Amino acid sequence: MDTRTMFLNACNEIATQLDGFKTLKKGQRLKKVSLDKDIYFEIYFQSSFRNDSSSIKLLPNIGIYSKILKKWQIEQTKNEYSQGLIFGNQIGYLTPYNNWKEWNLARLSYEKSIIEITENIEKYILPIFEIFNSKKIAIEFLKNNGTKFNQWSEDSISPLDFFLCFSDKDTTEFFLNNFVNSCPYRGKIIKLYEKLETENKIDLNYSEFHGANTIKLAYMNGLKIK
């Protein structure tokens, strides 16, 4: 069996153990729609072009998207490639591995890796997806916790667009300030906000640092950093 076939077999074996997911791209992408039919969840399995008989890599990633948010982002940023992403990450950073994680499917590692990946998705990823089955619950959770879904996940500015699209200004401002106050690059954000006050044209599709484009969008929508 060639490495590509073995990789896809593993993707599909994992899919069969997860309820409610539709397989796309021959099983490499798994998709599930939320209760409100707008938000949807994806698990995407990456591999490596360097695979051989002794090493077949499988790297799982997740993404949470909104169709309504995608349209809103395109209107706001004029970027037709906006995806409506609310949150995404590599599974390793959301589990006790607390790092970039890849699994080997070659030889005797195959069954063990499938079991480990499936267990980690069920235990740590599906509960995150469950939060977003309701926008109201998701907004309340993110307002109070940010993207610290468990003890291993880190805070991210990524859901700010989600707040701007679906929540009120006060709640969105609260989320923004919680992130900024605990952010290790808080100084960069403050300097960017000060700089934006003097600029006539703001490029929402360019980031001077990670998340800068999102910070610009917050400024454009009248949010204040306290």
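A: Helices are DSSP runs of H or I, at least four residues, and strands are runs of E, at least two, numbered from the N terminus. The model is predicted: local features need pLDDT of at least 70, side-chain atom pairs count only at pLDDT 80 or more, and totals for chains, interfaces and linings use all residues. Residues are numbered from 1 along each chain as its sequence is written, and side-chain values use heavy atoms, with hydrogens and water left out.

Q: Which residues of α2 are buried, and why do they line one face?
A: An α-helix has 3.6 residues a turn, so residues three or four places apart point the same way. In α2, the buried residues are L69, W72, Q73 and T77. They fall within an arc of 110° (directions from the helix axis to the C-beta atoms), so they line one face.

Q: How is the lining of the largest pocket divided by class?
A: Rolling a probe the size of a water molecule over the atoms shows where empty space is left. Here the lining has 13 nonpolar, 17 polar and 4 charged residues. β5 gives the most, with 4 residues.

Conventions
Ala, Val, Leu, Ile, Met, Phe, Trp, Tyr, Cys and Pro count as nonpolar, Asp, Glu, Lys and Arg as charged, and the others, Gly among them, as polar. Buried means under 20% relative accessible area, exposed over 50%, partly exposed in between (1.4 Å probe, protein chains only).
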